Amino acid sequence: MTDDTPPLPDVLAGPLLRRLSTERLLLWLVTSRPLDLSLMLHPEGHPPRRLLLGDDRLRRVPVGRHAWLHLIDVSLATPLPTGTLIDYDLKVLGEAGERGIADWGPHLLHEGTNYLSFVLGERHHRLLHGSCRKPHHDGPDGLVRADAWLAERRREPQEWPAWLLMTGDQVYADDVAGPMLVAIHALIARLGLFDETLEGATVPDSQALYRDEATYYRRAALLPDTESGTALRERFFGGVRKPVFTTANAHNHLITFAEVMAMYLLAWSPVPWRLVEMSPPPLDGEHHHRFLVERAIIERFVEGLPACARLLAHLPTLMIFDDHDVTDDWNLTADWEQVAYGHPFSRRIIGNAMLAYLFCQGWGNDPDRLADLTARGAELMEQARQREGWLLAEEQDDLLRQLRRFQGWEFRIPGSPPLLVLDTRTRRWRSERHPTRPSGLMDWEALIELQEAMLDAPSAIIVSPAPMFGVKLIEAVQRLFVLAGKPLMVDAENWMAHRGAANVMLNIFRHSRTPGNYVILSGDVHYSFTYDIQLRHRQEGPRLWQVTSSGIKNAFPVSLLDWFDRLNRWLYAPLSPLNWFTKRRRLAIHPRDPDRAKAGERLWNGCGLGLVDFDAAGRPQAIRHLDARGYEVGFPLAREQ
């Protein structure tokens, strides 16, 4: 850093409100140096509290020479009230006094306020949920829309959602625009994010990777030129084209831990963007034109980041990964796993994304369950800080191995109704007879654990990143590609793609001791829909609702989805004999038509987030989509068919 380089801001990203309760608060923050902090809490109608954040309440983890995670975990002897606005301020303490959020983060404040606020719900009466937020998708950002919606109800705590649920693909580590990668590398250099060596790659380390002429738009060329490397290119880096649904652009796939960490900062906060530029690197004509188009989209994305950061600082947020948080088709088949985990370079890429997920997403869901992994990660980072910013390769690989083998990413939130958030990525039901066929989204043991959590439960909200009950026609198309041995071409990842997992899942709902009300919240598919579901020939339940909202900033090709939507309605009408060829023939499924849809449309295609209201029995009272174009879409009660 030269003498004329302006000083770094103290706070780079956050605070993000994570898992909150009346007796415990989790907040996530990234700073440019280790800070001394205090937390001010002022519940409406109650006296204020001031809490010094000492070592018992704050863990500081270096991830670069000028980048520190601050994981804030505050236990409260006196519980906070529910159902009321609680103002809070995070003060930075220094020799010149203390500075509050109004000083160091004014973009986080609603107009006319001096403090941030949150509300602790008495029950899970309302949930905001969504998935799939890709910065260079040419469309509006659902988080910006949700911030505007919340601002209109700023003084109405009864209207605030109990949680914001991010149900997958919070970042796209495998699909990165060229200008975003340029910004990532500029931020890595500015913050001194830690370097690493790269075993099995054609470049020796992260610095060589960033300088390599193939680092932009041609990263697949950096893989080893061996037979296994060729297979890896085809399976891991999207060498197979996928023209039917979505083409996974892996030409700028993130590789190092520093790249993924920088991606999180740039996806969640406007502050790091003040430190970087997006000047085009040397590129050929085609890639240069693409860069300019993508840059214009990214610039619009950055304009909305103050609102996104403001939303995440006001609503408690829970997150679970899907594939793009790590890589497209992550653990899709047993064959994919054998190839990807059989090479040291791909193991490192996958592991780095999982380590960043641990720090940026997983910790805030369940810090107690992840305490050992978080401590190991903090130790690795501290070693790098003491070694001039280089991660120890052997220790890094050992930690990443533990992350891959860890079984415990799922979590539960008690309440009325309880929230059951599923891991559908790492506990897969692998096919031993046909390793090229899709694995089940959860293995037998994980499904039994889900069943035990639901037995005799009068209601539950289940978060499954992929819909448990999807569009039959699309699942049938995926099935055809699976039978042809090409599951990777169509992202054949649905619950019905694996017979064993599908049967166990359906049997859970058919069990005599699951007679309650169960709402399944999902994303993944880049369109939104709602089904009311009942078991045929059984009067006493359960009642199921599949509510899917996707994406926050992503969408399905419009004309293609329109055809799928209409064909699905024609081919799988209630009396159609094709229904007998699906695994769901014992279920009566009634789609809810969006109230803004054209005649014949049941799938809503538009960026935004879902908003669901629940009654005391756990049944959805109202299901809406906050469309990022500025209006609401309702899914009224289904008509009997």
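**Talking through the labels**

Modeller: Let's start with His498: neighbours within four places in sequence aside, His498 is in contact with Trp429, Pro438, Ser439 and Gly440. Keep in mind that this is a predicted model.

Biologist: Where does His498 sit in the chain?

Modeller: His498 lies in the loop between α14 (472-483) and α15 (499-510). Take Ser439 from its contacts: the two residues are 59 apart in sequence, yet their C-alpha atoms are 6.2 Å apart in space.

Biologist: What makes His498 buried or exposed?

Modeller: The relative accessible area of His498 is 10%. Buried means under 20%, so His498 counts as buried.

Biologist: And Thr84, why does it get the label it has, buried or exposed?

Modeller: Thr84 comes out at 12% relative accessibility. The cut-off is under 20%, so Thr84 is buried too. You'll find Thr84 in the loop between β6 and β7 (85-94). Apart from neighbours within four places in sequence, Thr84 is in contact with Glu44, Phe118, Val119 and Pro157.

Biologist: What about the whole chain: how much of it is buried?

Modeller: Of the 641 residues in the chain, buried ones make up 63%. The secondary structure comes to 16 helices and 22 strands. Among contacts with a separation of 6 or more, 76% are between residues 24 or more positions apart.

Biologist: Why is helix α8 described as largely enclosed?

Modeller: Helix α8 covers residues 305-314, and nine of its 10 residues are buried, so the rest of the structure largely encloses it. The buried ones are Leu305, Ala307, Cys308, Ala309, Arg310, Leu311, Leu312, Ala313 and His314.

Biologist: Now the helices. What makes α3 and α6 roughly perpendicular?

Modeller: Two packed helices are described by the angle between their axes and the distance between the axes. For α3 (residues 178-191) and α6 (residues 257-268), the axes come within 9 Å and cross at roughly 105°. Angles of 65 to 115 degrees count as roughly perpendicular, so α3 and α6 get that label. On the α3 side the contact includes Met180, Leu181 and Ile184, and on the α6 side the residues include Ala258, Met263 and Leu266. The contact residues divide into 12 nonpolar, one polar and one charged.

Biologist: On to the strands. What order do the four strands of the antiparallel open sheet take?

Modeller: The order is β1-β2-β6-β5. β1 (11-21) and β5 (58-64) are the edge strands: each has a single partner strand, so one side of each has no neighbour in the sheet. From one strand to the next, the twist averages 15°.

Biologist: How do you know that β1 and β2 pair?

Modeller: Pairing takes at least two bridges. β1 and β2 have six, in the antiparallel sense, with Leu16 bridging to Trp28 in β2. The two strands form a hairpin with two residues between them. Next along, eight bridges join β2 (residues 24-31) to β6 (residues 67-75), again antiparallel, and there Leu29 stands opposite His70.

Biologist: Which strands stand at the edges of the seven-stranded sheet, and why?

Modeller: That open sheet runs β13-β14-β15-β16-β18-β17-β19, with mixed pairing. β13 (411-413) and β19 (587-592) each have a single partner strand, so they stand at the edges. β19 pairs with β17 (residues 529-535) over six antiparallel bridges, and Asp532 has His590 as its bridge partner in β19.

Definitions and conventions: Residues numbered from 1 in each chain as written. Predicted model: local features only at pLDDT ≥ 70, side-chain atom pairs only at ≥ 80, totals over all residues. Heavy atoms only, no water. Axes fitted to C-alpha atoms, helices over the stretch in contact; angles between N-to-C directions. Parallel < 35°, antiparallel > 145°, perpendicular 65-115°, else oblique. Contact = heavy atoms within 4.5 Å. Nonpolar A, V, L, I, M, F, W, Y, C, P; charged D, E, K, R; others polar. Buried < 20%, exposed > 50% of the residue type's maximum accessible area, 1.4 Å probe, protein only.
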